[in-house]
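Good morning, colleagues. Please take a moment to look at the sequence and the structure on the screen, and I will then guide you through selected places in them.

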Amino acid sequence: MKKSLQESPPRSLGSDSDGNDQVHDQSIVIPGKLAAPADSFEEKEHSWSVTSLTPTDLSIQVQGITFNVHKYPLVSKCGYIQRLELQPSISNMGYDLKLENFPGGSETFAVVLRFCCGLPVDFNSNNIAPLRCASEFLEMTEEFEDGNLIAKTEAFLTFVVLSSWKDTITVIKSCETLSPWAENLQIVRRCCDSIAWKASREISTSGDAANEEGWWFDDVATLGIEHFIRIIAAIKARVTKPKIIGKCIMHYADRWFPGMDIELGGLQGYGYGKNELQVSVYGGKEGGGIGHSKEQKTIIESLISMLPPQQEAVSCKFLFKMLRMAMVCSATPALISDLEKRVGIMLEDANVNDLLIPNYRNAKLVNSPEQCAMHDTDVVQRIVEYFLMHEQQQQQQKSGKCNISKLLDNYLAEIARDQNLSITKFQVLAEALPENARTCDDGLYRAIDTYLKTHPLLSEHDRRRLCKIMNCEKLSLDACMHAAQNDRLPLRTVVQPCRCSFQSK
């Protein structure tokens with residue numbers, strides 16, 4: 001099958017809605033001069049041949065594809081091939097050559113052949129990085145010919161690609177398979193710097209950009225994590241607004257972790273409803289969950305490390321989402337601990353659903369029913385401890401602890417429904433806050449009553465142990481009335497509605 005080598009003419013320049021010049025589907029045609037009597041390539045199965053009157057004298061293999069070509073056009077432009085001592089071919093009178101680890105593979109080498117034979121070559125954002133790397137591999141410098149491939153690809157990169165946001169994004173994606181050539185030639189660095197500069201300029205000219213997502217978030221979120229890290233680092237060096245960096249990281253996480261959802265049925269009254277917990281975990285790509293992907297683990301660990309230290313950079317809900325993903329991916333313990341501390345500082349902004357972190361332990365590895373508990377209460381306990389430590393350091397008002405006490409009591413009421421939750425874990429969490437943190441113990445009573453209802457086989461000793469957690473003098477009259485008629489309370493315990501205190505019979 002013959003393939004015509006006639007390329008399309010250069011495409012036109014246009015402008016965006018702001019009047020800025022942009023290049024749409026850029027390509028330039030390099031006419032060159034014929035260096036060999038060839039006018040087309042003939043593609044056969046696993047081979048390419050130059051169609052001409054002169055027999056080919058060089059066989060080159062790239063990625064399992066054999067190219068039968070004339071030696072002179074390549075030797076005249078490629079210092080690498082010129083320096084080689086070509087081995088005579090056994091099958092014919094020519095020479096054989098195998099190019100190992102050729103950047104861009106056989107497809108890129110076919111374009112290089114067109115250039116060497118003086119045929120038109122179409123440069124565009126998809127092939128320019130592989131061609132630049134290939135020209136470096138073959139040492140196609142000006143020493144061998146003016147306007148050689150290195151010079152032409154460099155010019156296209158500098159004057160066409162880097163001036164266009166769209167093409168720069170395309171080129172940096174193409175570099176993911178060109179390591180280490182793209183790195184050594186500074187293609188990745190230049191693209192990252194160009195993207196960061198354009199994004200920073202947009203931030204500086206858009207006014208209060210912290211309250212809205214930048215138009216560039218979507219494009220940057222499609223990049224691999226290594227390139228995303230470099231772009232964010234470059235933007236940080238130019239922009240001092242932590243909310244912008246935080247929003248960009250949140251956008252990237254939503255792109256790569258779209259399905260970490262928890263749907264909960266809420267509690268009603270004293271908690272006599274049904275609580276259904278559904279946890280669904282999806283990977284950012286088809287064919288595997290988050291927990292089974294090393295790539296996903298790398299992404300989540302990188303995003304955690306990139307989070308700006310400022311408290312206002314990301315929301316408390318997002319930190320909880322990151323914490324869940326980090327646990328599923330078995331991220332580094334130090335990073336998980338860092339997230340727990342950050343969540344603890346912002347705990348006043350959390351709700352009960354945020355605290356209901358599923359127990360992600362492998363069911364095959366647990367040794368006791370307690371380890372099969374539905375929720376991971378150990379994490380919540382550490383978060384509450386970090387909150388208390390932060391409160392003490394900041395010497396904040398008592399109101400902060402009161403807000404957290406309501407949150408923790410509602411959380412206790414939720415997890416009390418879990419039949420595998422041990423009384424010890426429940427008690428430790430209930431007593432995590434200092435006694436003066438609760439102005440009213442109604443919420444704690446509701447949680448204790450729910451636990452007693454879910455665990456009807458508790459011994460008398462354990463039931464008394466639970467009731468000692470709360471201070472009956474802090475119960476409201478309605479709670480006292482309810483407790484006085486509650487047969488789930490210990491037999492020796494009675495609540496006097498008028499005095500709201502426990503007394504022995």
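This is a predicted model: local features need pLDDT of at least 70, side-chain atom pairs count only at pLDDT 80 or more; totals for chains, interfaces and linings use all residues.

I begin with L347. Leaving aside residues up to four places away in sequence, L347 touches F320, L355, I383, V384, F387, I404 and L407. L347 also belongs to the largest nonpolar core, which has 138 residues. Along with L347, the residues with the most contacts inside this core are I60, L138, W216, F228 and L303. Which helix gives the most to this core? That is helix α13, residues 316–328, with 9 residues.

As for the chain as a whole, its secondary structure comes to 21 helices and 15 strands. The protein chain has 505 residues, of which 50% count as buried. Among contacts with a separation of 6 or more, 68% are between residues 24 or more positions apart.

Helix α3 covers residues 105–116 and reaches 17 Å from its first C-alpha to its last, close to the expected 16 Å. How many of the 12 residues of α3 are buried? The number is 11, so α3 is largely enclosed by the rest of the structure. The buried residues include F109, V111, L113 and F115, and R114 is also among them. After α3 comes G118, with a positive phi near 80°.

Helix α19 has 13 residues and a reach of 18 Å, close to the 18 Å expected. α19 is mostly covered, with 11 of its 13 residues buried. Among the buried residues of α19 are D442, R446 and D449, together with L444, Y445 and I448.

Is D441 buried or exposed? D441 is buried, yet it has no salt bridge. The nearest side chain of opposite charge is that of R438, 4.6 Å away, and a salt bridge would require the nitrogen and oxygen to be within 4 Å. Not counting residues up to four places away in sequence, D441 touches M470, N471, K474 and L475.

A430 lies in helix α18 and is buried, with a relative accessible area of 1%. Apart from residues up to four places away in sequence, A430 touches L412, R438, L444 and I469. The C-alpha atoms of A430 and I448 are separated by 9.3 Å, and these residues are 18 apart along the chain.

Another buried residue is D167, in helix α6, with a relative accessible area of 3%. D167 and N124 are 43 residues apart along the chain, and their C-alpha atoms are separated by 8.4 Å.

I now come to the backbone. Most residues other than glycine have a negative phi, and most peptide bonds are trans. Against that background, the peptide bond from S179 to P180 is cis, with omega near 5°. P180 is placed in the loop between α6 and α7. Q63 is not a glycine, but has a positive phi of about 55°. This residue lies in the loop between β7 and β8 and is exposed, with a relative accessible area of 62%. S330 likewise has a positive phi, near 55°, and its place is in the loop between α13 and α14.

Finally, the salt bridges, of which the count comes to 16. In one of them, the side chains of E100 and K98 meet at 3.7 Å, N to O. E100 is partly exposed at 49% relative accessible area, whereas K98 counts as exposed at 51%.

Another joins R189 and D193 at 3.1 Å. Both residues lie in helix α8, 4 residues apart, about one turn of the helix. R189 counts as partly exposed at 37% relative accessibility, and D193 does so at 29%.

R465 forms a salt bridge with D462, the closest N and O atoms being 3.6 Å apart. These two residues are separated by about one helical turn because they stand 3 residues apart in helix α20. R465 is partly exposed at 24% relative accessibility, while D462 is buried at 16%. Elsewhere, salt bridges that share partners join R132, E136, E154 and R190 into one network.

Definitions and conventions
Residues are numbered from 1 along each chain as its sequence is written. Side-chain values use heavy atoms; hydrogens and water are left out. A nonpolar core is a set of buried Ala, Val, Leu, Ile, Met, Phe, Trp, Tyr and Cys residues joined through side-chain atoms within 4.5 Å. Buried means under 20% relative accessible area, exposed over 50%, partly exposed in between (1.4 Å probe, protein chains only). Contact means heavy atoms within 4.5 Å. The expected span of a helix is 1.5 Å times one less than its number of residues. Lys and Arg count as positive and Asp and Glu as negative; His and the chain ends are not counted.
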